[in-house]
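Work through the exercises below with the model in view. Try each task before you read its solution.

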There are 2 protein chains.
Amino acid sequence: MIDWTNQYAQEMKHFKGYPIGKTLKYLTDPEIISLAGGLPSPQTFQTSEFRAASEKILKHDIDKIMQYSAIPGEESLVDAVIQFLKRDNISLDRQQVLITTSGQHGLDLTGRALLDKGDIVLVDRPTFAGALVAFQMEAPRFVGVDIEPDGTNVAVLEQTIQQLKLENKIPKFIYVVPDFQNPTGITMGLEKRKALLKISYAFHIPIIEDSPYRDLRYHGQTLPSLFSLDQELYEGGGNVIGVYTFSKIFCPGLRVGFNIGPPDVIQKMTNIKEGNILNTPKYNQDMCTAYLTEMDVEAHFDRCRAYYQEKLALFLETMETYFPDNSHVTWTIPQGGLFLWVTLADHVDTAKLFFEAIKHQVAFVPGEQFYGENPEKNHMRINFSFSTKPQLVEAVKRLSTCIKSFV
Amino acid sequence: MIDWTNQYAQEMKHFKGYPIGKTLKYLTDPEIISLAGGLPSPQTFQTSEFRAASEKILKHDIDKIMQYSAIPGEESLVDAVIQFLKRDNISLDRQQVLITTSGQHGLDLTGRALLDKGDIVLVDRPTFAGALVAFQMEAPRFVGVDIEPDGTNVAVLEQTIQQLKLENKIPKFIYVVPDFQNPTGITMGLEKRKALLKISYAFHIPIIEDSPYRDLRYHGQTLPSLFSLDQELYEGGGNVIGVYTFSKIFCPGLRVGFNIGPPDVIQKMTNIKEGNILNTPKYNQDMCTAYLTEMDVEAHFDRCRAYYQEKLALFLETMETYFPDNSHVTWTIPQGGLFLWVTLADHVDTAKLFFEAIKHQVAFVPGEQFYGENPEKNHMRINFSFSTKPQLVEAVKRLSTCIKSFV
């Protein structure tokens, strides 16, 4: 028989895929309260609207739904997306939108289009693990800059780029999640957004803006996206690629998202999609079109915001109670999204704590999974959107007991 | 603005995606009869069964359908696939099956798992353009061997491998479509299948077996797949990766397929899928499970076979009438599948003929798109599954007029 381990592509030999998936595998005990996944709550799912939309599209369009369809996406969905983004002061032609098979797909298409082995990708420390995994398949070098409470440390980022320039290295792109970042929940301030674009203009480095949670803001004012700022500041833009998904605003199960950017880049990603999967299924796209055009999106967002805001408030309140000031436990206070970031005493390795937590029937994602290089060990990513309120309270209690016994 | 053309990954700079898609773009005149696409006929679609299955799964399982699901695939579909392949003397554990988001996805996962830049891939001349495009993204070197009327020329293939070995080059894998090959419709004989496996064993070169049409046989005896022969001849197998899709046996629109192979390879492809798209949508998988377990698959195949067999017979008969022996036009006579391969006089360039054919309101795919290297110019790929019978007859008439005027 073939020795397959010798057959793999060089860069794939040691590629292990998505670490969070491996973490979730340990959660077999149904009594475990999981704060680990990135799952939206099924309480927010519009199930009756989903069934009605499904029946309608299968009644009228089943032959087209069962057939191959256009690889860049259904025109009706592209148009609905263009309309949807107008709310956000983004102005697009059809040639600037590619329907993807999820945000993960959008990230992978980005990595495949842009990255050669050894190319430098600038990321926050920490940053979204799914982006790291997608880009990792192209074997780039991640260079990270510690994130601040108001987002990317643009001053250090600029110094880093200057330093790399002295070594004759120009980073291929900057990857950021400006709104309610995964894993920290941190939002980038307006001045930093403008400063980041200035860096992009000064050094000709594109920005990849990942926006999965942008509409899930529970506190404070919505800030303009990097994409819209680029369009405003720079004659229609052209330096930012936007990666979006329906997963967090409608549902993850349909696996539909969209990338936006300059027509040439969208064309290149479309060509890659042709070799990768051909079309995104029309049924799944038509369901998203129905979501955007026939269901009441703003009312849905309001419900989601009210629902998640309460959960977040309860979680933060319970943390205050069980982790007092002298506990050496600190956490971010997100204005939206699904996650927050808990920091323990320096010496605590949360990858080890994780197994202790499992014994206490509570789970989180060890923070080390969110670093492109040189991981910090003493953080936990906490998801507060999926578990019920009583579960959230109980989870904090269990975490508290577990951490006390472990430290 | 960023100069994006300088930002692309080296191997992507000149990557143009799927050539057939570009061909189809010219078919804007609704009067054109297209023999170009690879579309199954909507006449074979089980629309009422589709609607009923959809209603049932949305009634019982909507919360799971709207949520993230397991990346390797739904266990129910994996089990249904294992059961389905038992008909074909293939015996699999769950760890040997990965649900994919279509056959194209299965090919891309294969290329990404196995190919480094410059690796040699052995292919038939001609071979499936979609596989060439998927593999091309890893920048391999295609080495082709002219196909014979009974499939891959295994004698010349072996000589080619011997020659490459002298140059210290071992091909990474052999890619074949043994049943009703796309684009030629040619089927590989049993002795050749065994000989191909012997080559795989002797030189330790894996075989990628692409089987999209296997169940669509209209004439002659079903031959064992390479995968099943490998399992039979070699203690359970391990040299063949099988790439399958529901596109041609159920419908393309759902974008679901499956790869089968040794557990280690399936695990590696699963890891790549994690970084690429996460899970295949559960709704689309559950529909395929319903197809395999609740609809009558064998009766459906019988209907498809009867329907396509008639179309093929009519097409061949009309070709006989309009392209007599002295016309310098020859064609393959497939035993199944969706395609046949027409060869014109040596000097005819079908890429040019294509534009003449468009004027005559008939379309095909120029044969040059089906070569990994050194394309032959005087062939056409003909799809006989999609157009209606009167259209097929009219298409042959138009082709005949067009070729006579062009030559």
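**Exercise 1. Give the strand order of the open sheet of four strands in chain A, and find its edges.**

Step 1. The order is β9-β10-β13-β12 (chain A), and the pairing is antiparallel. Strands are DSSP runs of E with at least two residues, helices are runs of H or I with at least four, and both are numbered from the N terminus. Two strands pair if DSSP finds at least two bridges between them.

Step 2. β9 (330–331) and β12 (365–366) of chain A each have a single partner strand, so one side of each lacks a neighbour in the sheet.

Step 3. Look at β12(A) and β13 (379–383) of chain A: two bridges join these antiparallel strands. P366(A) has M380(A) as its bridge partner in β13(A).

Step 4. Contact means heavy atoms within 4.5 Å. Axes are lines fitted to C-alpha atoms, for helices over the stretch in contact, and angles run from 0 to 180 degrees between N-to-C directions.

A note on the source: this is a predicted model, where local features need pLDDT of at least 70 and side-chain atom pairs count only at pLDDT 80 or more, while totals for chains, interfaces and linings use all residues. Residues are numbered from 1 along each chain as its sequence is written, chains are lettered from A in the order in which they are written, and side-chain values use heavy atoms, without hydrogens and water.

**Exercise 2. Which strands stand at the edges of the open sheet of seven strands in chain A?**

Step 1. Write the order: β2-β8-β7-β6-β5-β3-β4 (chain A), with mixed pairing.

Step 2. The twist averages 20 degrees from one strand to the next.

**Exercise 3. How many residues of chain B are in contact with chain A, and how much area is buried?**

Step 1. 84 residues of chain B contact 84 residues of chain A.

Step 2. The buried area is about 7,000 Å², with 59% from carbon and sulfur atoms. Buried area is the accessible area (1.4 Å probe) that two parts lose on being put together, summed over both.

Step 3. W4(B), M66(B) and Y68(B) supply 11% of the area that chain B buries against chain A, more than any other three residues.
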